[in-house]
Amino acid sequence: MPTSLKILIVEDETITAMDLSETLEEAGHKVTAIARDSQQALAAVKRNPPDLALIDIVLEGSTADGIATAKELLVHHQMPILYLTANSDPQTFQEAKATLPAAYVLKPYRANELVLQVELAYHFFQSTLTDPTDSSRSLFLPVKNGHEKIALDDVLYLIADRAYTNVYLIGKDIPYCISTNLSHLSQYFPASNFYRVSQSILINLHHLKRVEQNHLYMTTHTMPIQIPVANRKKLMQKLKVVKTK
């Protein structure tokens with residue numbers, strides 16, 4: 001049975017809030033409060049700290065939008081944040097991404113998908129309570145309805161795809177598509193091995209085979225990875241490079 005979680009809903013639309021509450025409680029979770037604005041959300045967190053918060057980005061009549069509300073809540077209580085929004089424009093997504101949310105769910109949402117996102121978000125959050133810098137450990141990725149073990153040394157690179165992250169492994173043609181953003185997922189990959197060559201790409205330096213002006217090639221992976229030319233210099237500083245006269 002999935003863990004029963006205490007969940008705060010921050011949503012200004014009453015019907016949507018009630019639908020969310022019903023979906024979550026049918027899945028075995030407990031809704032601690034439904035807040036319509038940032039002030040109600042903050043009061044709810046102080047009164048009964050939840051395990052997780054589901055926050056709409058657009059909050060009509062609130063002094064702060066959902067992103068600013070999330071920042072304020074995290075000052076008082078650390079927990080995974082899931083954004084729920086009908087707004088998929090790039091600027092909003094980038095602003096939301098800066099707060100390292102566990103998920104970014106677009107309306108209209110599907111009830112079964114939302115429940116899975118909630119459970120995965122909490123699982124990831126609990127995993128951060130262990131030492132994320134231990135490069136010898138394996139990692140369990142959320143795959144379909146379970147979690148699949150991978151060795152960090154087998155990871156070639158990760159590439160962001162909006163609210164998802166594709167994880168490429170040695171000997172696996174099709175990547176794992178993980179329902180969380182790269183900023184959140186990257187914390188599980190030790191900096192001693194992995195390097196972020198751009199906002200959307202994290203590579204395993206142990207498997208870097210060739211560097212060109214604006215492309216990289218990884219071991220066992222024939223397709224080039226495009227990177228900004230400006231980022232190449234910083235990457236080269238991470239490598240032991242033979243310089244000619």
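Predicted model: local features only at pLDDT ≥ 70, side-chain atom pairs only at ≥ 80, totals over all residues.
1. Let's start with Glu212, which is partly exposed at 26% relative accessibility (buried means under 20% relative accessible area, exposed over 50%, and partly exposed in between, with a 1.4 Å probe and protein chains only).

2. Residues are numbered from 1 along each chain as its sequence is written, and side-chain values use heavy atoms, with hydrogens and water left out.

3. The salt-bridge rule gives a count of four. One of them joins Lys107 and Asp56 at 3.2 Å, N to O. Lys107 sits in the loop between strand S5 (103–106) and helix H5 (111–127) and Asp56 in strand S3, so this pair ties together parts 51 residues apart in sequence (helices, H or I of at least four residues, and strands, E of at least two, are DSSP runs numbered from the N terminus). Glu11, Asp56 and Lys107 are linked in a salt-bridge network.

4. Asp56 is buried, with a relative accessible area of 4%, whereas Lys107 is partly exposed at 21%. Leaving aside residues up to four places away in sequence, Asp56 touches Val10, Glu11, Asp12, Gly66, Leu84, Thr85 and Lys107, contact meaning heavy atoms within 4.5 Å.

5. Another salt bridge pairs Glu113 with Arg110, with closest N and O atoms 3.2 Å apart. Glu113 is partly exposed at 23% relative accessibility, and Arg110 is exposed at 58%.

6. The largest nonpolar core has 23 residues, of which Leu8, Ile55, Leu73, Ile81 and Tyr83 touch the most other members. Such a core is a set of buried Ala, Val, Leu, Ile, Met, Phe, Trp, Tyr and Cys residues joined through side-chain atoms within 4.5 Å. Elements that each supply at least two residues include strand S1 (6–10), helix H3 (66–76) and strand S4 (81–85). A second, separate core of 18 residues includes Ile150, Leu158, Tyr176 and Tyr188.

7. Now the domains. The protein is divided into domain 1 (6–130) and domain 2 (139–238), with bounds from an automatic or database domain assignment. Their centres, taken over C-alpha atoms, are 28 Å apart. The contact takes 17 residues from domain 1 and 16 residues from domain 2. About 1,400 Å² is buried between them, 59% of it from carbon and sulfur atoms; this is the accessible area (1.4 Å probe) that the two parts lose on being put together, summed over both. How many salt bridges does the rule find across the interface of domain 1 and domain 2? The number is zero.

8. Finally, UniProt places "domain: Response regulatory" (unreviewed entry) at residues 6–122. Over that stretch the chain is 46% helix and 21% strand, with the end C-alpha atoms 11 Å apart.

Definitions and conventions. UniProt positions renumbered as here; feature names shortened; annotations may be inferred. Salt bridge = Lys/Arg side-chain N within 4 Å of Asp/Glu carboxyl O.
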